[in-house]
Amino acid sequence: MNEKYFPEEIEPRRQKRWAEAGTFNVEVDSSRPKFYCLEMLPYPSGRIHMGHVRNYSIGDALSCFKRMKGFNVIHPMGWDAFGMPAENAAIKNNERPDRWTFENIDTMRTQLQRMGFNYDWRREIATCTPEYYRWNQWFFIQMWKRGLLYRKNATVNWCVKCNTSLANEQAEGGFCWRHEDTPVEMRELEQWFIRVTDYADQLLEDLDALEGFWPDRVLAMQRNWIGRSRGAEVDFALADDPSRKIRVFTTRIDTIYGANAVILAPEHELIDGWIAQGRAGNELCEFTERQRAVAREDRISEGVEKQGVATGFFVVNPFSGEHLPVWTANFVLTGYGTGAIMSVPAHDERDFEFSRKYSLPIRRVIKLSGASEPDDAPVEAPFTAKDDSGVLINSGPYTGLAVPEAIADMTAYAESRGFGAPQTNFKIRDWGVSRQRAWGTPLPFIHCPKCGIVAVPEDQLPVELPSDLDFNTQGAPLAEHPTFTRATCPQCQGEARRDTDTMDTFVDSSWYYFRYCDPQNEQAAFDPEVVDYWMPVDQYIGGIEHAVLHLIYTRLWTKIMRDMGLVKFDEPVKKLLTQGMVCLASFRCPEHDYIYPNEVVDGKCSFCGREVETGRIEKMSKSRKNTVDPDEMIRVYGTDTVRLFMLFAAPPEKDLEWSEAGAEGASRFLNRVWRLVFRWCDKLDGAFDGEFSPSARALRRKTHQTIRRVTHDIGERMNFNTAVAALMELTNELYAFEGALNGEAAVEDRFAIREGLLALVKLMAPFTPHIAEELWEALGGEGILVASEWPEFDAALAKDEEVEIPVQLNGKLVARLIAPADVDDDSLAEMALANDRLQARLDGRQVVKTIVVPKRLVNVVAR
């Protein structure tokens with residue numbers, strides 16, 4: 001063993017041995033319990049960053065621990081490889097996106113392998129390969145057959161110069177990303193959709209089974225995103241044509257006597273009809289045209305002013321018979337409910353704000369039960385309670401009813417008279433899965449003039465992207481390719497046109513980890529029996545930014561596959577961890593505002609030389625240009641040091657502030673352990689049967705307590721930082737024990753040191769596997785450490801001989817007792833009452849009660 005620790009020599013050698021031995025390669029083994037550990041697959045943008053390193057270090061440590069605990073651990077890696085960045089790079093550099101993508105994959109794979117992560121690289125996938133996206137297409141065909149996939153007109157962002165639709169990210173600020181002087185238009189296009197709403201109830205209700213296993217924040221975000229609303233639909237007949245009705249969805253039918261208007265979305269079909277008939281005024285035409293040009297999400301975003309105009313038409317309130325004006329407003333949307341609402345300003349904050357702005361009447365129809373104020377008192381703020389605390393007023397025959405009773409009675413009345421019905425709506429919409437970009441999975445459908453839409457025969461899959469595709473066209477590349485669109489209808493054999501849309505890239509990431517289970521299968525997306533062994537995922541790790549879209553879509557995909565008979569479970573992920581961000585402290589320069597550590601030299605701004613002060617903590621990101629290159633840190637400190645810092649600096653769910661001083665501290669710890677093993681590796685005995693000295697017993701107790709604590713912290717809590725802290729405490733104990741020997745180590749002392757060092761090195765394996773392997777070998781360990789058994793603690797040895805007990809007087813700490821670990825409550829009380837410091841504080845007061853928390857606390861109550 002070398003006297004000094006050289007990670008640059010150790011780490012490649014250990015990685016080579018793991019690879020040659022196939023240490024991390026696994027297959028189905030029904031004789032062993034399985035554990036599926038998964039981190040969200042990365043987009044191959046060029047290089048990994050510290051956020052990746054943290055995410056993968058967490059998964060790697062857990063995988064190593066579970067493997068050493070006897071589990072058959074699958075821990076795969078792949079690439080979410082389709083998407084806009086590759087296509088944009090291809091346009092910018094006049095090259096193919098697949099070349100750019102695979103070059104980046106090669107770079108990032110090399111970086112991950114340099115980190116020594118315990119992936120089974122035989123299972124690697126890239127979602128941009130035909131071998132993968134063939135099955136995207138197969139799934140779409142199955143959904144089409146089952147009626148879960150359909151086409152309809154939808155509004156998209158459109159650039160007239162590009163002659164194509166744009167994703168929302170390409171139309172930020174209302175202008176095209178390629179033509180910054182060209183305003184984006186909103187156009188109606190035929191788009192493909194998956195019927196998410198068919199599964200909305202399941203997606204919502206199955207969240208209950210994830211309570212305690214998924215973060216509360218994620219569950220709350222998903223419930224809000226799904227947004228189930230129970231209410232009623234009510235028809236308001238047009239006053240000038242009672243045969244035509246506006247159907248309104250409301251969760252508060254009990255407030256209908258307080259309605260002052262019906263408000264339509266600017267896209268509502270009635271408005272289209274009035275405009276086409278020439279019955280709409282100029283103000284209405286201009287308003288609807290202006291609002292339709294604004295993205296719907298932007299119209300309802302926080303802080304946007306509520307705007308509207310009266311249409312000049314009126315409807316009849318079906319309960320009161322009152323004529324109400326019809327308005328249109330920017331905050332009413334099609335796609336949720338019916339595209340029409342009734343405005344009840346006395347009992348809705350949004351309607352209250354809108355009605356005050358446009359001087360619409362405000363009438364109270366509910367008040368607090370028992371309130372003494374007059375029923376016609378002015379409304380200063382809306383009353384929105386929906387429970388028994390509210391009673392109806394000014395509401396005809398329903399006056400005096402409590403709100404819940406009124407909702408039930410009025411819904412039943414509307415249904416019995418044929419102008420309404422109970423209705424449940426969802427905020428979540430069907431998933432628009434088609435894109436007019438080219439770097440994605442082609443839709444597997446053919447458009448025939450005679451037969452309509454026809455699926456590509458499954459034996460002709462995959463429909464591949466053309467190898468000579470020109471990404472620099474002014475329109476959609478697939479649509480302009482000279483041969484791609486030409487097809488023969490599989491049904492009538494006539495000339496037909498191939499669909500030129502590609503799939504949303506969330507499709508790729510909705511089922512990728514099923515493919516990891518069976519990545520070489522050429523006959524199916526996966527073998528259900530293989531997936532039945534490995535799935536569901538036992539631990540999923542990724543960012544909170546994926547809480548809704550990806551994590552809802554992947555849950556949806558699983559339920560669809562279940563209904564297809566491919567899987568037997570409802571939920572794909574048992575436990576979810578959303579790790580915190582990696583952040584970096586900035587500095588404040590008087591001239592250049594916020595700058596980063598690499599732009600500061602000797603406390604001065606590298607641009608202007610002025611003194612800087614502490615700035616703010618910011619998330620590391622390439623856009624901010626404040627990233628730290630993992631390769632550079634590995635070159636300076638070694639892989640194990642970087643991994644150790646990432647796991648020690650903060651609990652995994654909290655944000656972590658990158659600090660080079662912290663990395664130096666992790667490096668110092670590893671060097672301390674190295675020096676300790678170096679001094680003792682050739683001086684240790686194997687066994688000892690005699691009596692241990694008190695100091696040797698104390699060291700052994702600390703060793704077994706550390707095994708117990710690290711096992712619990714990783715296996716039960718996933719608190720890697722406290723586990724590392726326990727390893728540091730054991731190291732300090734070993735150093736203190738060594739120092740007390742004064743160069744004279746009896747056989748029992750050498751045994752205690754050997755036991756402590758072997759435990760320490762084994763416990764380090766999940767965090768710092770390279771140095772742990774090296775030290776394990778130096779201590780005489782055989783085989784590959786990360787594939788060996790996890791150490792077991794001896795409960796008797798881990799038991800404290802003495803415990804420290806706080807003593808309180810009337811709840812305030814006055815003394816501490818040192819008592820035997822097995823002390824009983826009566827003895828504790830006697831020891832506390834006999835304590836000199838307590839007696840001095842009593843000062844003649846009478847003891848009323850003595851409260852003992854077993855082996856934890858004594859509280860003496862006196863007066």
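Is N330 buried or exposed, and what is its relative accessible area? N330 has a relative accessible area of 3%, so N330 is buried. Here buried means under 20% relative accessible area, exposed means over 50%, and partly exposed lies in between, with a 1.4 Å probe and protein chains only.

This is a predicted model, in which local features need pLDDT of at least 70 and side-chain atom pairs count only at pLDDT 80 or more, while totals for chains, interfaces and linings use all residues. Residues are numbered from 1 along each chain as its sequence is written, and side-chain values use heavy atoms, with hydrogens and water left out.

N330 can be found in the loop between β10 and β11 (340-343). Helices (H or I, at least four residues) and strands (E, at least two) are DSSP runs, numbered from the N terminus. Once neighbours within four places in sequence are set aside, the residues in contact with N330 include F287, Q291, R299 and I300. Contact means heavy atoms within 4.5 Å. D749 is 419 residues from N330 along the chain, and the C-alpha atoms of N330 and D749 are 80 Å apart.

Two strands pair if DSSP finds at least two bridges between them. Strands of a sheet pair through backbone hydrogen bonds, either parallel or antiparallel. Between β9 and β10 there are six bridges, and the sense is antiparallel. F314 has P325 in β10 as its bridge partner. The hairpin of β9 and β10 has six residues between the strands, and G321 there takes a positive phi near 80°. β9 also pairs with strand β6 (residues 228-238), in the antiparallel sense over two bridges; V315 in β9 stands opposite L238.

Another group of strands is an open sheet of four, in the order β18-β17-β20-β19, with antiparallel pairing. Its edge strands, β18 (452-455) and β19 (486-488), each pair on one side only. From one strand to the next, the twist averages 40°, where axes are lines fitted to C-alpha atoms, for helices over the stretch in contact, and angles run from 0 to 180 degrees between N-to-C directions. Four bridges join β18 to strand β17 (residues 445-448) in the antiparallel sense, and H447 has I453 in β18 as its bridge partner.

Next come the aromatic rings. Rings of Phe, Tyr and Trp (its six-membered ring) pair if their centres lie within 6.5 Å; planes under 30 degrees apart count as stacked, over 60 as edge-to-face and the rest as tilted. By this rule there are 43 aromatic pairs. F319 and Y413 form a tilted pair, because their ring centres are 5.6 Å apart and their planes stand at 45°. F319 is in the loop between β9 (308-316) and β10 (323-329), and Y413 is in helix α12 (residues 403-416), 94 residues away. F319 is buried, at 12% relative accessibility, whereas Y413 is partly exposed, at 28%.

F720 and F767 make an edge-to-face pair, 6.4 Å from centre to centre with 80° between the planes. F720 lies in helix α21 (residues 720-741) and F767 in the loop between α22 (747-764) and α23 (769-778), so the pair ties together parts 47 residues apart in sequence. Both F720 and F767 are buried. One aromatic cluster has Y132, W135 and W138 among its members.

Charges can also sit over rings, which requires NZ of Lys or CZ of Arg within 6 Å of the ring centre and within 35 degrees of the ring normal. R498 has its charged end over the ring of F484, 5.7 Å from the centre.
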